[in-house]
Amino acid sequence: MPSQSIVLRRYSKFLCAITLFLIFLGALVKSTESGLSVPDWPTTYGKFMFAYPLNKMAGGIKYEHTHRLLASVVGALTYILMIWLFCIKTLPVWLKRTGIVASVAVSIQGLLGGLTVLYFLPVWLSTLHGVIAQTFFLIVILIAYILSVEHQQRWNMEDEIYNPLFLRLAIVLMVMIFIQLIIGNIMRHAQAGLAIPDFPTMGWSFFPTFDQTWLNRINAWRFENNLDPVNMGQVMIHLCHRCWAFLILINILWLNHVAYKECLDRPVILKTLYWLNIAVILQITLGISTVLSHKEVYTTTIHVTMGAIVLALSFLMVLRASPLTWRQFKAMAIK
């Protein structure tokens, strides 16, 4: 492989890593409620973003302004990646176009981040900002995988075996995790993270009644803990997040059953599934801890970040379980 391609491959992996860290910082901004600590955009208190004095970065400004700075860096790195992809003539055209898609996505993400500030953090706009962040993360993972040594070596493997059932289950799991991240984004920005403040019970009952008495019990607890009251809509969003997490757990158990029965000759898939299992267990633990700790800042932030990791691992498993051509993929995944 030419040395330029080696550097590009490492560069793409670095972009994946720094994007994950950016997601962490974005989650930290929300967890500390620092989203309006800097009330203007694209400037920072009237100054050019990179000219803002470091000695004034205190309190919420520290989180929000650092998030903006890193987001700008990620944007610049993405544009460089796009140009770099076009400079290597041997790369497929569709991969170069994917670089354009990544650049458009990061531009939209930056614009949405600014608009959330200018419009005072509306739920739908803040949620869309979070969803586009996860989508951009998947795009750069796709680019990094296509550039990887593993992907190139697979073209030389004549006896690679694919399992249609496993692939379809893996795709369903990835989609379910993506939907779960959307629900989680809505829940966080709708201030529904503690709409059900107990676990494993729900409103101190294993069988919620969904009536006003049940809601009053929850709001009485919130009043005692200096929290604003919630409505039934917020409670249902929170409950949906929990129920969908349970369905994801059922799906991944089924996926494990199929994998260890049908994919024993694909160690790279089993390895990916192993790490995905660990990530899901950690994510469930962090979700429970977020509720029981009453949304402790770093527990909540790591919970959001781990959600991105779970999504990334599920996507990587789909990529590894998929055939190398689009025609073969459609034949396996859709038939």
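Author: A definition to start with: a salt bridge is a side-chain nitrogen of Lys or Arg within 4 Å of a carboxyl oxygen of Asp or Glu. This is a predicted model, where local features need pLDDT of at least 70, side-chain atom pairs count only at pLDDT 80 or more, and totals for chains, interfaces and linings use all residues. Residues are numbered from 1 along each chain as its sequence is written, and side-chain values use heavy atoms, with hydrogens and water left out.

Reader: How many salt bridges by this rule?

Author: Three salt bridges. In one of them, Glu-33 pairs with Lys-30, with the closest N and O atoms 3.4 Å apart.

Reader: Is Lys-30 buried or exposed?

Author: Lys-30 counts as buried, at 14% relative accessibility. Buried means under 20% relative accessible area, exposed over 50%, partly exposed in between (1.4 Å probe, protein chains only). Glu-33 is partly exposed, at 45%.

Reader: What does Glu-64 form a salt bridge with?

Author: Arg-68, with the closest N and O atoms 3.0 Å apart. Helices here are DSSP runs (H or I, at least four residues), numbered from the N terminus. Both Glu-64 and Arg-68 are buried.

Reader: And which residue does Glu-150 pair with?

Author: Arg-320, where the closest N and O atoms are 2.8 Å apart. That pair links distant parts of the chain, with Glu-150 in helix H5 (residues 149-154) and Arg-320 in helix H10 (residues 297-321), 170 residues apart. Glu-150 is partly exposed at 22% relative accessibility, while Arg-320 is buried at 16%.

Reader: Switching to H6. What span should its 26 residues give?

Author: 38 Å, at 1.5 Å a residue for residues 164-189, and the end C-alpha atoms of H6 are 38 Å apart, which agrees. The expected span is 1.5 Å times one less than the number of residues.

Reader: What follows H6?

Author: Gln-191, with a positive phi near 55°.

Key. Helix = DSSP H or I, 4+ residues; strand = E, 2+ residues; numbered from the N terminus.
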